Amino acid sequence: MGNKQEEKELHPEDINEMMQVRRDKMKAFADKGILPFGHRYEVTHHAQDIRDHFDELEGEEDGPIVHMAGRLMAKRGHGKASFAELMDLSGKMQVYFKYDVLGEDKYANFRMLDIGDIIGIAGRVFKTQRGEITVKVEDFDLLSKSLRPLPEKFHGLKDVEMRYRQRYVDLIMNPEVRETFISRTKIIKAMRSYLDARDFLEVETPVMSTIAGGAAARPFITYHNALDMKLYLRIATELNLKRLVVGGLERVYELGRVFRNEGIDVRHNPEFTSVEIYQAYADYNDLIELTEGIVRDAAEKVLGTTKITYQGLEIDFANVKRISMNDAVKEATGKDFLAAKTVEEARAMADDAGVPYEQKHGIGGILNAAFEEKVETTLMQPTFITGHPTEISPLAKRNPENPMITDRFEFFVYGRELANGFTELNDPIDQEQRFLEQVKQREAGDAEAHMMDRDFITALEYGLPPTGGLGIGVDRLVMLLTDSASIRDVLLFPHMRAKAEE
RNA sequence: GACUCACUAGCUCAACUGGCAGAGCAACUGACUCUUAAUCAGUAGGUUCGCGGUUCGAUUCCGCGGUGGGUCACCA
């Protein structure tokens, strides 16, 4: 007890009784000459390897010795024999500690272990009378003493705030979380290999820049001390990638983080992962096919099928629809906005259809408002919407037949935008006019309108080949393929407000 | 940013209209050499998110604040 008092003075802050007990055990191990925090351990088998190769490994007396390492997740003591569960990357394995095998001292050491401790074991594989594959421990080492108690073994960690803030505990306690993030990595790998196989060059462009362009969004602002200047975190990779196509890198893509200073909800995190892809001499139709291919391939590689179930809804990526924005709106409202000759006429149609719009909207803006209001959330099955108004597409090339609209598409699944692409605007004169229009909107108070990017105009003046471009929201694709309801469930460390103290 | 719901032991959750704050798991002590949410007996563990207020009395009612979830707004 005197010892306990001493320890309390060393850690006066918030060490509760359970943590104190663990610190005492750590000290007891150290007093016995056992390092509570070990060094390396030669692992020969993961839990899954043992299950996979049980036939070769089995043998209480003469089977080979296997070495495993992992976290102790459960202890079931029976006096002089105990079962425990050891969890490694591949899963859990039952291990058996027996007084007769280990001897008094080591068995006493085992009894001192806590759930959560990381140990290495050496033992032989056998099957219990109940038929469970188990490793009978002949020797073990404490590799890392755990000083904090884990959440409850049966219910796991439920508190969503703690799951996001302390993802490491979530990963320990909830195996499906681990699966989700393994899937995330597989999806990203699948996208890379799909693009690499088609001769796309993966590149990296600056995250910090003096102009945040390529999307309609408010940027984060940071500051460079030595240069004494304001910098923006990128909101898209688009303009730099097109510069590279000007430079002759005909097929490029960048898979990386972009940052947008906007609200947070189940679909939005301030930083998110996008992949943007540019292909010279292609148009938006080629990119629609590429989008379909990427998504289908990722689904097949991760799930083995293009048919997924998302939040209870069956979605088949092999069955994709395509319809123009105007036709989709026409179907939903009976109004042909592109037939409107004047803004007044379009406004009357919108009023009639119960679509709210703003004064700044032209015909195209009103069509888009009608689409967002009446169509977007109904697009549950994979659907490519094409022909977006020029007014809302400052970087897309106009449709040759109808300059009101662009050769653009957006890919919707479950009522959400998953990808966006278009034939790139490569006419520097037109691009400059569009930027000027954006700047006007910006000056009128639209913080999300584009900034003027003179150098980008210059690049276009050197000549951008006809090019198709595409951006995919990687997090959203991962959500769909892992059946995750919130973007936070596919981000290892979603953005959280800083805690007041700590 | 608005609205709304939540916050109780390490974790998962209880506590009727305001009346001594409880359980399971985890922990601790003991029993137990094939259990698997092991079992059995016992013990300990709380600033009920924080600060105010109403009340004889607040986990409960009211106000302000914090954090989180959801919906909306903005957007991908």
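User: Hey! Where in chain A is confidence lowest, and where is it highest?

Analyst: Hi! This is a predicted model, and confidence in chain A is lowest in helix α1, residues 2-10, with a mean pLDDT of 31. The highest value, 98, belongs to strand β6, residues 201-202.

User: Over which residues does pLDDT stay under 50?

Analyst: That would be residues 1-13. For that stretch the model has 9 contacts beyond four places in sequence.

User: And what's the mean pLDDT of chain A?

Analyst: The chain A mean is 92, and 96% of its residues reach 70 or more.

User: Good to know. Moving on to α2: how many residues does it have, and how far does it reach?

Analyst: Helix α2 covers residues 17-31, which is 15 residues. From first C-alpha to last it reaches 21 Å, close to the 21 Å expected at 1.5 Å a residue.

User: Which residues of α2 are buried?

Analyst: Met19, Gln20, Arg22, Arg23 and Phe29 are the buried ones in α2.

User: Switching to the sheet. How many strands close into the barrel, and in what order?

Analyst: There are 5 strands, closing in the order β1-β2-β3-β5-β4, with mixed pairing. From one strand to the next, the twist averages 55 degrees.

User: In which sense do β1 and β4 pair, parallel or antiparallel?

Analyst: Antiparallel: strand β1 (residues 66-77) and strand β4 (residues 118-127) pair over 6 bridges. Within β4, Ala122 stands opposite His67.

User: Which helix packs on that sheet, and which strands does it touch?

Analyst: Helix α5, residues 99-112, packs there and touches β1, β2 (81-88), β3 (91-98) and β5 (133-144). The direction of α5 makes about 45 degrees with that of β5.

User: Last topic, Ile308. Which strand is it in, and is it buried or exposed?

Analyst: Ile308 lies in strand β12, residues 307-310. Ile308 counts as buried because its relative accessibility is 4%, and the cut-off for buried is under 20%.

User: What does Ile308 touch, leaving out residues up to four places away in sequence?

Analyst: Ile308 touches Leu303, Leu313, Glu314, Ile315, Phe317, Leu480 and Leu481.

User: How far apart are Ile308 and Leu480, along the chain and between C-alpha atoms?

Analyst: They are 172 residues apart along the chain, while their C-alpha atoms are separated by 7.9 Å.

Methods:
Residues are numbered from 1 along each chain as its sequence is written. Chains are lettered from A and ligands numbered from 1 in the order in which they are written. This is a predicted model: local features need pLDDT of at least 70, side-chain atom pairs count only at pLDDT 80 or more; totals for chains, interfaces and linings use all residues. Side-chain values use heavy atoms; hydrogens and water are left out. Two strands pair if DSSP finds at least two bridges between them. Helices (H or I, at least four residues) and strands (E, at least two) are DSSP runs, numbered from the N terminus. Axes are lines fitted to C-alpha atoms, for helices over the stretch in contact, and angles run from 0 to 180 degrees between N-to-C directions. Contact means heavy atoms within 4.5 Å. The expected span of a helix is 1.5 Å times one less than its number of residues. Buried means under 20% relative accessible area, exposed over 50%, partly exposed in between (1.4 Å probe, protein chains only). pLDDT is the predictor's confidence in each residue, from 0 to 100.
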